[in-house]
Amino acid sequence: PLNQPRELSLALGELLSQSVGGSSGILLSIFFTAAATSMTNEKPWSSQAIAKGIDGVMHYGGAKLGDRTMLDAMIPAMEAWGNGLGAATKAAEAGVENTKNIEKTDAGRSSYVPGDKLRGRADPGAYAIALVLKACLSLD
């Protein structure tokens, strides 16, 4: 349902839960499903809808900003969302860069990896979020 953003978000949530493996698929499914609950056709991708999606990811995933997860790109992007997709994309990319300096976490896959193996490497989940935003920006 491309002309109905709320229904599209719900459909994406369902598709991701069924076809993307690992925790990322489920967490992205939660994000899109939760975000849809705050959407309207007039203002589908508001910072309120994105915040609702992020809250769902944090609640069910147990991670927070600084835990080297997709949230390290999502949260800065949400905070910059009011300044447009370009600003949100740049904020997400900066969040990805910040993950290269995080060596100790309490949640996410990085919590199982020794810090010296993380040093200088971006979190793949955060990187994926930044890539999606960059792709959306190229369509804008």
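Me: In this predicted model, what covers the buried residues of α4?

Reply: The cover includes α2 (22–36), α3, α5 (85–99) and α7 (124–139). The buried residues of α4 themselves are L71, D72, A73, M74, I75, P76, A77, M78 and A80.

Me: What makes α4 count as largely enclosed by the rest of the structure?

Reply: A residue is buried when its relative accessible area is under 20%. Nine of the 10 residues of α4 are buried, and the helix is therefore largely enclosed by the rest of the structure.

Me: Which residues have the most contacts inside the largest nonpolar core, and which helix supplies the largest share of that core?

Reply: The largest nonpolar core has 26 residues, and F31, I54, L71, M74 and I129 are those with the most contacts inside it. At least two residues of this core come from each of α2, α3, α4, α5 and α7. Helix α4 provides the largest share, six residues.

Me: What does L71 touch, leaving aside its neighbours within four places in sequence?

Reply: L71 is in contact with I54, V57, M58, A63, K64, L65 and P76. A contact requires heavy atoms within 4.5 Å.

Me: Why is α5 called roughly antiparallel to α7?

Reply: The axes of the two helices come within 9 Å and cross at roughly 160°. Angles over 145 degrees count as roughly antiparallel, so α5 is roughly antiparallel to α7. The crossing of α5 and α7 is left-handed.

Me: Which residues make the contact between α5 and α7, and how are they divided by class?

Reply: From α5 come L85, G86, A88, T89, A92, E93, V96 and T99, and from α7 come A126, Y127, A130, L133, K134, C136 and L137. By class, the contact has 10 nonpolar, three polar and two charged residues.

Me: How do you know whether T89 is buried or exposed?

Reply: T89 lies in helix α5 and has a relative accessibility of 3%. The cut-off for burial is under 20%, so T89 counts as buried at 3%. Not counting residues up to four places away in sequence, T89 touches L133, K134 and L137. T89 and L131 are 42 residues apart in sequence, with 8.5 Å between their C-alpha atoms.

Me: Why is A51 called partly exposed?

Reply: A51, in helix α3, has a relative accessible area of 22%. Partly exposed residues fall between the buried class, under 20%, and the exposed class, over 50%, and A51 at 22% is therefore partly exposed. A51 and P124 are 73 residues apart in sequence and 21 Å apart in space, C-alpha to C-alpha.

Me: What makes S9 a buried residue, and what does S9 touch?

Reply: The relative accessible area of S9 is 1%. Burial means under 20%, so S9 is buried at 1%. S9 belongs to helix α1 (residues 5–19) and touches F32, T33, A36, M39 and W45, not counting residues up to four places away in sequence.

Me: Why is the phi of R68 worth a remark?

Reply: Most residues other than glycine have a negative phi. R68 is not a glycine, yet its phi is positive, about 55°. R68 sits in the loop between α3 (47–61) and α4 (71–80). With a relative accessible area of 3%, R68 is also buried.

How values were computed. Residues are numbered from 1 along each chain as its sequence is written. This is a predicted model: local features need pLDDT of at least 70, side-chain atom pairs count only at pLDDT 80 or more; totals for chains, interfaces and linings use all residues. Side-chain values use heavy atoms; hydrogens and water are left out. Helices (H or I, at least four residues) and strands (E, at least two) are DSSP runs, numbered from the N terminus. Buried means under 20% relative accessible area, exposed over 50%, partly exposed in between (1.4 Å probe, protein chains only). Axes are lines fitted to C-alpha atoms, for helices over the stretch in contact, and angles run from 0 to 180 degrees between N-to-C directions. Angles under 35 degrees count as roughly parallel, over 145 as roughly antiparallel, 65 to 115 as roughly perpendicular and the rest as oblique. A crossing is left-handed if the near helix is turned anticlockwise from the far one by less than a right angle, and right-handed if clockwise. Ala, Val, Leu, Ile, Met, Phe, Trp, Tyr, Cys and Pro count as nonpolar, Asp, Glu, Lys and Arg as charged, and the others, Gly among them, as polar. A nonpolar core is a set of buried Ala, Val, Leu, Ile, Met, Phe, Trp, Tyr and Cys residues joined through side-chain atoms within 4.5 Å.
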